[in-house]
Amino acid sequence: MTGVEAPKVTQEVPERPRAAGRQDWTAWPKYNAAGRGYRGYWYPVTWSSHITAKPASYTICGEKLALIRDGGKVYALHDRCPHRGVPLSEGDQQFPGTVSCPYHGWTYRLTDGKLVAVITDGPDSKICGKLEVQTYAVEERLGLVWVYIPVTREPAPPLDEQLPRELVENDGVVGGRIQARAGDWRFACENGFDEGHAKYLHRTALWRLFKPMPTWNVTRIVPDGRWIYRVQDEVYWEADFPEVGRWTNKRWWKKRPDESQVSQIGNVGAGLEVNPVIAAQKFPGFASLSMPGVLRIAYPNFIHYEFYVPVDDGRHQYVGLMVNFVSGIRKLGFYAKYLGAIRWLFHGQFSGQDAWMVEVTDAPPEKLYRPDVSLTAWRNLAEEEYAEKLTAAVDFVKQPVAKTRERRAPAARNGAAASAQTVSSGE
Ligand code: FES
Ligand SMILES: [Fe+2]
């Protein structure tokens, strides 16, 4: 029998046209691999007031931590009982200086993570003392708990070496907000230092209701120590776009900017009186960024910091701090202003616009434009600094054991910022 063969149906999947521009981030291999953040840095985890004798669970750089306060000090342990993998943060304290797993009562010493008692195996348990869970260096500063996530088993360097210097050397009052956010921490960091967006995305923010913003700038990136700065060479408050027309952020109800000069403090124009501590820093530009993702924006009366803390793939924690370098009765004025307005307008709605963009950013591929020199400069900085850090960590591991012990001596705690008062506990 001869039949007519049915025509073969081949389903052709049309190839997606190649996106314009950069296809991937392999030009920055370490940055490309840092979806869970960079190990070898201190990270702000939560407000000090949130850590009590009841253990709490946090994830930083993909690492699960159990944080607990004992005798006034905060300890961090890897949040996994080696017995059957139950989180220690689900447990509690049965003996001072320890935490016990809720399942079978394996009990770990907070200072070094050693298994010091196994409640359900009796006082002469053979396994006791034979294992330990990893512990992490912890410090409290600026009203926050900071944890060091090591590259290997290197000792934590002093936190003050990583904190912005002006926070270590000056007393201040801190207002802040901590939020768990969706999106890669690198998108959050790039958004923070992104030259182009603030003048456009935030034009509708209430925080900017009475403050003018330029239409576009000519910007340079200037490295200085471990920071890179955005330096504004030219500021344009309005512009005529061929074919489409005029565009400006100026409105009759907004304050008129001083267009005669370019300010490097804040982005609302020159002519404002600057707090002496902020003026003394002589920042080359008002926006600066350093590893491992710390943004600093200098305004005339305060400095705003953003720490983009990697949690795990596609999730990060936003830690926004506003620091006023004032003392005495003027601190009360800041509390009132922060809780009454700044917290809601700046750390709320304004910053919420950033959170929205970070959540929906989808790159690479990407086609960068002139203002994105801020992004590429940051990636270059990250790539370079992290290469040095990895080399140092590998060198440490190669050292003989006796020497590594010596270097593990705990860092001295100092710095005026340790006494800074904080307002608002965030979420
Ligand atoms: S799982 Fe922790 S004691 Fe058994
Ligand atoms: Fe923004």
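Q: Helices (H or I, at least four residues) and strands (E, at least two) are DSSP runs, numbered from the N terminus. With that in mind, where does Met213 lie?

A: Met213 is in the loop between helix 5 (198-201) and strand 12. Keep in mind as you look that this is a predicted model.

Q: Is Met213 buried or exposed?

A: The idea is to count neighbours: 20 or more other C-beta atoms within 10 Å of a residue's own make it buried, and 12 or fewer make it exposed. Met213 has 21 other C-beta atoms within 10 Å, so it is buried.

Q: How many helices and strands does the protein have?

A: The protein has nine helices and 20 strands. Of its 427 residues, 37% are buried.

Q: What is the mean pLDDT of the protein?

A: Think of pLDDT as the predictor's confidence in each residue, from 0 to 100. Here the mean is 88, and 87% of the residues reach 70 or more. Two stretches call for more care. Residues 406-421 stay under 50, and the model has 30 contacts beyond four places in sequence for them. Residues 423-427 also stay under 50, with 20 such contacts.

Q: Now for strands. How do strand 12 and strand 13 run, parallel or antiparallel?

A: Look at the bridges that link one strand to the other. Strand 12 (residues 216-224) and strand 13 (residues 227-236) run antiparallel and are joined by nine bridges. One pair to find is Val222 with its bridge partner Tyr229 in strand 13. The two strands form a hairpin with two residues between them, and Gly225 in the turn has a positive phi of about 65°.

Q: Which strands are joined to strand 19 by bridges, and how many bridges are there?

A: Strand 11 (residues 173-182) is joined to strand 19 by ten bridges, and the two run antiparallel. In that pairing, Arg177 stands opposite Gly320. Strand 18 (residues 303-312) is joined to strand 19 by nine bridges, also running antiparallel. Here Asp312 has Arg315 as its bridge partner. Strand 18 and strand 19 make a hairpin with two residues between the strands, where Gly314 takes a positive phi near 75°.

Q: Why is strand 19 described as largely enclosed?

A: Nine of the ten residues of strand 19 (residues 315-324) are buried, so the rest of the structure largely encloses it. Helix 4 (residues 185-193) can be read likewise: nine of its nine residues are buried, so it too is largely enclosed. Among the buried residues of helix 4 are Trp185, Arg186 and Glu190.

Q: In what order do the three strands of the open sheet stand?

A: Follow the pairing from one side to the other: the order is 5-6-7, with antiparallel pairing. Strand 5 (98-100) and strand 7 (115-118) are the edge strands, each pairing on one side only. From one strand to the next, the twist averages 25°. Strand 6 (residues 106-109) pairs with strand 7 over three bridges, and Thr107 stands opposite Ala117.

Q: Which residues other than glycine have a positive phi?

A: Two examples are worth a look. Cys61 has a phi of about 50° and lies in the loop between strand 2 (56-60) and strand 3 (63-70). Lys282, with phi near 50°, lies in the loop between helix 6 (276-281) and strand 16 (287-290). Their surroundings can be read by the neighbour count. Cys61 is buried, with 21 other C-beta atoms within 10 Å, whereas Lys282 is exposed, with 8.

Q: What is omega for the peptide bond that joins Ala363 and Pro364?

A: Omega describes the peptide bond itself, and here it is about -10°, a cis bond. The bond from Pro364 to Pro365 is cis as well, with omega near 0°. Pro364 is in the loop between helix 7 (330-360) and helix 8 (373-398), and Pro365 is also in the loop between these helices.

Note on methods: Residues numbered from 1 in each chain as written. Chains lettered and ligands numbered in written order. Predicted model: local features only at pLDDT ≥ 70, side-chain atom pairs only at ≥ 80, totals over all residues. Pairing = 2+ DSSP bridges. Axes fitted to C-alpha atoms, helices over the stretch in contact; angles between N-to-C directions. Contact = placed C-beta atoms within 7 Å.
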